[in-house]
Amino acid sequence: MMKQKLLARPSLSCFTFTAMTMALTLALTACTHTSHTASVDSAKQSAKLSTAQYYGTNNPFVKEAVYFVMTDRFVDGDASNNYPEQGGNLPSFDLPLYAENGDTANVGYLGGDLKGVLDNAQYISNMGFTAVWLTPIVENPDQQFSGGEAIAYGGAFKDGGKSAYHGYWASNFYKIDEHYPSENLDYKTYTNKMRDQFGIKTVFDVVANHGSPSFSMPVEQNQFGKLYDLNGRLVADHQNLAPEKLDPNNPLHQFYHTSPDIMQLSNLNEDNPQLRDYLINSYLYWIEQGADAFRIDTIKHVPHHFWQEMAARVRAQYPDFFMFAESFDYNANFIAQHTLAKNGGISVLDFPGQKAITSVFETPDSDYASLLSYLHLTHGPYANPYELTTFYDNHDMPRMNASDSGFIDANNWLFTSRGIPVVYQGSEIGFMRGKAEHQGNRNYLGQENIEIAKSHPIQQQLSAIANIRKNVPALQNGLQVNLEFKGDHAAFYRVIQKGDIAQTALVLLNKSDKSHRFEITQYLDKGTWTEMRFEQQAQTITTGDALLADVAGHSVNVWVKEGAVVNEALKNELSKLMAFK
Ligand SMILES: [Ca+2]
Ligand SMILES: [Ca+2]
Ligand SMILES: [Ca+2]
């Protein structure tokens, strides 16, 4: 481990320091310790402000860090649930797509299952994650889809020839698909073991917009366009009809809209109260089976009234139940509508953040200042910016196309800045970087790559910063106070003062190749600062000192001060951030 040097010295005269940053009355407090009036005022202010609360959110899920697993593409822990012969003349196992240059993608099942995740739970936990989001595990059709347009390597928005390996084509919202459980490992046992043995929560992937592809098949296929209930009873059937051919008087057609939405997917009719019951009761069912939070697919394709009812019914039984949604859009004002209480109070994946993060970390000559615009720390469109789930790529877009250093820098940012980090499987080795959905983005990760990951530089640095976040409440839920964001360098505080926790973290990021000396004076609190990343020598700061730290290239320092904030200028800033977040 690299040992870094820290120096502390009085950087500026008291007079200069105060002239720059403090109002005159506060300057008297800081510099004229003999003034009786100032001391009394100061004591009163400390007493008053020591009870001040500074934090991002009251939602406890903010402390989590989420590892995103594409269930079929993680690890095949049990060959007995692979069903390689399934599908007959329209098989669903191992359907490779080839590029001319020999690259491959695959649209068949490849064997990943719950046992593969459980077998690697210690690895995921060691990396610093506390939750795993699994792509949907509910029953999907057994064959490849014969309708639509045929998918090819690099293609998009075509479902022909694809299997349901991704899980987003439900045929029974109440039943686990046969590819995922093992003997003695049903979903409930899995979630319990993850939680009880490894401290890992489970995020369940919710789909309300659609079931499976439902029309355009040359010959109608079993399961496609059909929905079954908890007892295995057929409750809806698209009958391979185009949406406009559905009969609103036919009970088996009433779960579907008579207009299409996404390709050939059945468009679920949220105006039908029975469909709402069917879906919402299924979500409650999976909470009973151990789901700790929801990730919601395609939320923008379903109107607000559904989410209002869904959120109300879920939270009537499970108050504070955390949900974050995919509204695949780069306009913060647009995606923020779901976060408002009147629309269900559902958090969202930070797509504008994703765009900004990749733009910075894919490009070495980028500027940290480009990250500021997505944070919306005050007066932003979100109900609460600290509840957003933050990420740099996922299974529906090209993976981040960064160097190893770029991934390391991105993780250092993701695990220290506001939001709940979500990292897609394989990112810890830069797996398939730059590759889109049908170009290898979703290729099978497998046990071999996980063994490689254990000594991979990206994984090691990710693990270091993620474990610091796990142990530093300020990094999870502290208000973010930005100091400098310029070129290759960024510095900011995260401050939490909530209940019996009072802690400030100072984060120093350097994405250049060279070591950089930070000299921090702004809002700097008196007291003992301890560095968490490299366990550098603790430094005691008194009024007027600067905190000086040399941060190595592509690295991070996290300096932590325990106890309540005493710096008046910082308190003022925190009050504003608290009031307007
Ligand atoms: Ca398997
Ligand atoms: Ca199936
Ligand atoms: Ca829809």
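Helices (H or I, at least four residues) and strands (E, at least two) are DSSP runs, numbered from the N terminus. By that count the chain has 16 helices and 25 strands. This is a predicted model, where local features need pLDDT of at least 70, side-chain atom pairs count only at pLDDT 80 or more, and totals for chains, interfaces and linings use all residues. Residues are numbered from 1 along each chain as its sequence is written, and chains are lettered from A and ligands numbered from 1 in the order in which they are written.

**Whole chain**

Zoom out first. The C-alpha trace spans about 90 × 50 × 40 Å along its principal axes. Of the 581 residues, 51% count as buried (20 or more other C-beta atoms within 10 Å of the residue's own; exposed is 12 or fewer, partly exposed is in between, and C-beta atoms are placed from the backbone).

**Helix H14**

Now select residues 457-471, helix H14. Its 15 residues reach 22 Å from first C-alpha to last, close to the 21 Å expected at 1.5 Å a residue (the expected span is 1.5 Å times one less than the number of residues). H14 is mostly covered, with 11 of its 15 residues buried; among them are Leu-462, Ala-466 and Arg-469. What do these buried residues pack against? Show H5, H12, helix H13 (446-453), helix H15 (473-477) and strand S25 (555-562) to see the partners.

**Asn-126**

Jump to Asn-126, in helix H5 (residues 121-126). Asn-126 is partly exposed, with 15 other C-beta atoms within 10 Å. Pick Phe-198 too: it sits 72 residues away along the chain, yet the two C-alpha atoms are separated by 9.4 Å.

**Last stop: H16**

Finish at helix H16 (residues 568-580). Its buried residues are Glu-568, Leu-570, Lys-571, Glu-573 and Leu-574.

Definitions and conventions. Axes are lines fitted to C-alpha atoms, for helices over the stretch in contact, and angles run from 0 to 180 degrees between N-to-C directions. Two residues are in contact if their C-beta atoms, placed from the backbone, lie within 7 Å.
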